[in-house]
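Biologist: Could you take me slowly through one part of this model, the surroundings of a single aromatic side chain, and then show me how the rest of the chain is arranged around that picture?

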Amino acid sequence: MDVGSLSRTRARHPEAVAEAASRRVRRELLSGRGRLMIVAADHPARGSLGVGRDPLAMANRADLLGRLCLALSRPGVDGVLASADVLDDLLLLGALDGKVVMGSMNRGGLAGAAFELDDRFTGYRPEDIERLGFDAGKLLLRVDYEDPGSLRTLHSAARVVDAMAERALPVFVEPFLTARDGAGGPPRNDLSAEAVTRSIAIASGLAGTSAYTWLKVPVTENPDDMARVMETSTLPAVLLGGDTGGDQEAAYEKWRGALQLPTVQGLVVGRALLYPPDGDVAGAVDTAVGLL
């Protein structure tokens with residue numbers, strides 16, 4: 001990966017990003033098989049760089065781009081979710097032709113910050129996604145009943161869903177019920193069946209229309225609860241990956257079961273596929289694609 005070349009292009013020809021976006025070959029959101037396999041890499045924009053025991057695993061941009069390009073080259077991978085800096089790099093590398101491109105929208109809830117749950121829209125705006133000819137947006141919706149910042153996030157998220165629908169652009173909403181571990185502790189997502197059910201109900205009811213809303217949901221603590229949980233909404237959904245804690249096979253097994261549910265249309269997975277414990281990105285991606 002020639003980072004120097006990318007940097008020189010950015011310095012001398014910043015217009016090259018928009019030009020690459022205008023030339024990009026687009027595709028339908030859902031291909032003929034009707035399933036989605038998206039690789040996610042929007043974590044760094046929130047200051048979340050760790051994978052497993054390495055707190056800065058995603059910090060090396062050349063390494064991350066190499067992993068992304070490899071993942072995107074594998075058969076069955078439909079596209080990528082990322083922040084503007086990463087997608088700009090991938091545009092300049094010519095890696096996004098024929099792929100679904102999903103812009104990450106609210107990255108203001110920096111990992112570990114006191115204001116983490118006041119998750120403001122510091123990334124892509126609906127008008128940016130439309131202007132660049134991208135295919136969808138994604139927003140994170142963490143709700144802590146004890147944190148006033150959650151109300152601001154809920155309100156701004158609803159208006160963004162409206163704005164995306166006005167442009168006939170899909171938006172993937174990633175909802176969680178969240179609570180802090182003690183006073184000032186880090187927020188923890190509640191993956192119990194009841195909490196995930198409530199988060200889906202809240203996300204499904206956002207805005208003046210749900211016509212263009214998708215859900216991006218975790219697998220519950222007990223995977224056997226997923227069938228009942230996913231009965232909460234008729235909105236199409238994808239499963240998110242998250243950090244597997246090193247147990248890749250257990251993650252595949254959880255996804256395999258939930259992918260059989262009628263509203264689940266695919267996977268959006270990042271670190272588990274880009275940084276697998278054995279280092280085999282292609283193998284991890286191919287295994288995930290095989291689950292679809």
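Modeller: Phe134 is buried, with a relative accessible area of 1%, and Tyr124 is likewise buried, at 5%; here buried means under 20% relative accessible area, exposed means over 50%, and partly exposed lies in between, with a 1.4 Å probe and protein chains only. Please keep in mind that this is a predicted model, in which local features need pLDDT of at least 70 and side-chain atom pairs count only at pLDDT 80 or more, while totals for chains, interfaces and linings use all residues. Residues are numbered from 1 along each chain as its sequence is written, and side-chain values use heavy atoms, with hydrogens and water left out.

The structure holds 3 aromatic pairs, a pair being rings of Phe, Tyr or Trp (its six-membered ring) whose centres lie within 6.5 Å, called stacked when the planes are under 30 degrees apart, edge-to-face when over 60 and tilted otherwise. Tyr124 and Phe134 form one of them, an edge-to-face pair with 5.7 Å from centre to centre and 80° between the planes. This pair links distant parts of the chain, since Tyr124 sits in the loop between S3 and H5 while Phe134 sits in the loop between H5 and strand S4 (136–143), 10 residues apart. The element names follow DSSP runs numbered from the N terminus, with helices (H or I) of at least four residues and strands (E) of at least two.

Helix H5 also brings us to helix H6, because the buried residues of H6 pack against H5, S4, S5 and S7. Among these buried residues are Gly149, Ser150, Thr153, Ala157, Val160, Val161 and Met164. H6 (residues 149–166) has 18 residues and reaches 26 Å from its first C-alpha to its last, close to the 26 Å expected at 1.5 Å a residue, where the expected span is 1.5 Å times one less than the number of residues. Just after H6, Ala168 takes a positive phi of about 55°.

Strands S5 and S7 carry charged partners as well. The side chains of Lys216 and Glu174 meet in a salt bridge of 2.8 Å, N to O, a salt bridge being a side-chain nitrogen of Lys or Arg within 4 Å of a carboxyl oxygen of Asp or Glu. Lys216 lies in strand S7 (residues 213–217) and Glu174 in strand S5 (residues 171–180), so this pair ties together parts that are 42 residues apart in sequence. Lys216 is buried, with a relative accessible area of 6%, and Glu174 is buried at 8%. Both belong to a network of salt bridges that links Asp42, Arg107, Lys138, Glu174 and Lys216. Within this network Asp42 and Arg107 meet in a salt bridge of 3.5 Å, N to O. Here Asp42 comes from the loop between strand S1 (36–41) and helix H3 (61–73), and Arg107 from the loop between strand S3 (100–104) and helix H5 (126–131), 65 residues apart. Asp42 is buried at 3%, as is Arg107 at 5%. A search of the whole structure finds 27 salt bridges.

Turning to nonpolar packing, the largest nonpolar core has 76 residues, and Leu68, Leu87, Leu90, Met230, Leu239, Trp255 and Leu273 touch the most other members; such a core is a set of buried Ala, Val, Leu, Ile, Met, Phe, Trp, Tyr and Cys residues joined through side-chain atoms within 4.5 Å. Helix H11 (residues 281–291) gives the most to this core, with 6 residues. Leaving aside neighbours within four places in sequence, Leu68 is in contact, meaning heavy atoms within 4.5 Å, with Val39, Ala41, Val80, Val86, Leu90 and Leu274. Apart from this core lies another, of 12 residues, among them Ile38, Val100, Met102 and Trp214.

For the chain as a whole, there are 11 helices and 9 strands, and of its 292 residues 52% count as buried. Among contacts between residues at least 6 apart in sequence, 69% join residues at least 24 apart.
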